[in-house]
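Morning, everyone. I have one structure to go through, and I'll keep it short. Here it is.

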Amino acid sequence: MQETTQLTYGEGSVTIMESSQSEIEVAAPEIRFGDYYKAVEACFTARELEEISEGSNAALEFRYSMTDKLDDEDEVQRFEKGIEKAEMLTGSLNSGVYFEVEAEKSVSGGEKSEIDTLYDEVEFQYEIPRYLVAEKRAYYAMTNVMGVCELEKDVDEEADTLSISTRDIGTTLILYQDGKENGNREHSGFAIKTQYLFLLAIVALALVWWALERRNRRS
């Protein structure tokens with residue numbers, strides 16, 4: 001799937017190309033920016049933006065490759081560690097698919113330069129592959145940035161899309177959590193309430209003991 005967007009920026013323009021391909025039997029979904037103007041400003045430096053605004057033409061390209069497994073075992077282990085860390089807060093998470101991401105930019109037909117991080121957060125909207133769509137299912141994204149995998153929560157409520165706001169660009173894993181598993185968090189909350197009740201009971205017993213002790217002393 002490929003999409004081209006032409007954006008006017010001052011006196012110049014930016015051609016934004018987004019493409020997604022699949023290395024598995026499932027068709028690649030559409031991936032887009034939530035705000036293309038913000039995406040442009042987050043990808044180019046202030047000097048480049050000034051050059052574009054004065055009349056230069058620029059190009060921005062994002063390529064996504066969907067796969068269900070990674071060839072790099074070290075990267076797989078980094079994701080596994082990231083998931084283990086995230087599950088301490090969210091409960092059990094299930095792995096969906098990976099997206100290997102590449103991004104490049106150029107100004108005035110010059111040499112292309114790779115983009116590995118953004119200057120500001122940008123909203124990325126991932127269309128969830130249909131076989132992963134289900135009711136009462138929450139989605140997350142985890143991106144590997146220089147060996148560190150951080151979890152990003154879905155910022156919209158659409159059942160068939162995952163929207164994340166980030167400045168990170170790298171291999172991204174789509175994760176999901178079903179409604180049944182969300183019960184883990186409810187269970188944790190119940191456990192905390194039980195602990196409070198237990199503490200209150202100890203305090204109450206201590207007060208009773210103190211009152212009886214004081215009464216015995218008066219006697």
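Start with S108. It counts as partly exposed, at 44% relative accessibility. On that scale, buried is under 20% relative accessible area, exposed is over 50%, and partly exposed is in between, using a 1.4 Å probe and protein chains only. S108 sits in the loop between β5 (94-107) and β6 (113-114). Its phi is near 55°, a positive value in a residue other than glycine.

A word on the source. This is a predicted model: local features need pLDDT of at least 70, side-chain atom pairs count only at pLDDT 80 or more, and totals for chains, interfaces and linings use all residues. Residues are numbered from 1 along each chain as its sequence is written, and side-chain values use heavy atoms, with hydrogens and water left out. Helices (H or I, at least four residues) and strands (E, at least two) are DSSP runs, numbered from the N terminus.

Next, K136. Its phi is near 55° too, again positive in a residue other than glycine. K136 is in the loop between β7 (117-127) and β8 (137-145). It is exposed, with a relative accessible area of 71%.

Now the aromatics. How many aromatic pairs does a search of the whole structure find? Nine. Rings of Phe, Tyr and Trp (its six-membered ring) pair if their centres lie within 6.5 Å; planes under 30 degrees apart are stacked, over 60 edge-to-face, the rest tilted. Take F33 and F62: centres 5.1 Å apart, planes at 90°, so the pair is edge-to-face. F33 is buried at 2% relative accessible area, and F62 is buried at 0%.
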